[in-house]
Amino acid sequence: MLASPTDLEDFALGFSLTEGIVDTAGEVHDMELAQSPQGWTVQLTIAASRFALLKDRRRSLAGRTGCGLCGVESLEQVFRPLASPLQPLVLPSAVLGQAMRGLSAAQPLQQRAGGLHAAAWCDLQGQVLLVREDVGRHNALDKLLGALQRAGHARDAGFVAVTSRASFEMVQKSATLGVRLLAAVS
């Protein structure tokens with residue numbers, strides 16, 4: 001995966017959860033990061049039962065464009081069932097506006113380098129509590145969702161705001177982990 005080299009543990013966990021590689025953080029037994037001249041490698045040790053399922057689910061993830069369909073061999077692989085139905089979260093537009101303004105202000109990498117996306121966990125008043133950045137919008141979301149899982153944030157106490165447009169895959173990733181609202185720029 002092409003990703004910015006920050007918060008890689010969050011990215012690996014978030015990606016593993018949102019892609020259905022593991023169902024729970026407890027199924028990740030070990031995580032090791034290694035740097036080489038070519039970049040970073042994150043190696044996960046996952047539960048044997050999950051590894052067996054992963055071997056049966058063939059998918060090439062190279063060349064993703066964010067639509068959620070790249071690399072799948074059949075449409076059955078696209079739609080993953082949610083653990084339980086989510087109750088909609090409706091918030092005033094002022095709360096969403098505050099979250100977007102707060103997200104913009106909470107992007108140190110964007111301010112230094114430009115061209116980065118961000119995903120934020122916001123409380124129900126629109127206060128930004130946690131932010132993850134990445135060159136890829138899906139990666140920023142996976143990093144945030146991994147960080148939320150690691151920190152144990154209650155999914156009914158907030159929502160996700162992203163600096164990009166929302167794709168089918170981003171909505172599915174958020175819903176998979178119980179996020180009831182994904183607010184996007186477009």
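This is a predicted model: local features need pLDDT of at least 70, side-chain atom pairs count only at pLDDT 80 or more; totals for chains, interfaces and linings use all residues.

Guide: Let's start with packing: the buried residues of H1 pack against strand E1 (28-36), strand E2 (39-46), strand E4 (128-134), helix H5 (137-151) and helix H6 (168-176). Helices (H or I, at least four residues) and strands (E, at least two) are DSSP runs, numbered from the N terminus. A contact here is heavy atoms within 4.5 Å.

Visitor: Why is H1 called largely enclosed by the rest of the structure?
Guide: Because 10 of the 11 residues of helix H1 (residues 8-18) are buried. Buried means under 20% relative accessible area (1.4 Å probe, protein chains only). Among them are Phe11, Leu13 and Phe15.

Visitor: And what follows H1?
Guide: Gly20, with a positive phi near 75°.

Visitor: Switching topic: which residues lie nearest the centre of the largest pocket?
Guide: Met1, Phe11, Ala12, Phe15 and Val42, out of 20 lining residues. On a 1 Å grid over the protein atoms alone, a pocket is an open set of points where a 1.4 Å probe fits, with protein on both sides within 12 Å along at least five of seven lines; lining residues have an atom within 4 Å of a point.

Visitor: Who supplies the largest share of that lining?
Guide: E2, with seven residues.

Visitor: How does the lining divide into nonpolar, polar and charged?
Guide: There are 15 nonpolar, five polar and no charged residues.

Visitor: OK, what's the order of strands in the open sheet?
Guide: The four strands run E4-E3-E5-E6, with mixed pairing. E4 and strand E6 (182-183) are the edge strands, each pairing on one side only. Two strands pair if DSSP finds at least two bridges between them.

Visitor: How many bridges join E3 and E4?
Guide: Six, in the antiparallel sense. The two form a hairpin with four residues between them, and Gly126 in the turn has a positive phi of about 90°.

Visitor: And what stands opposite Trp121?
Guide: Val160 in E5. Strand E3 (residues 117-123) and strand E5 (residues 158-162) are antiparallel too, over five bridges.

Conventions
Residues are numbered from 1 along each chain as its sequence is written. Side-chain values use heavy atoms; hydrogens and water are left out. Buried means under 20% relative accessible area, exposed over 50%, partly exposed in between (1.4 Å probe, protein chains only). Ala, Val, Leu, Ile, Met, Phe, Trp, Tyr, Cys and Pro count as nonpolar, Asp, Glu, Lys and Arg as charged, and the others, Gly among them, as polar.
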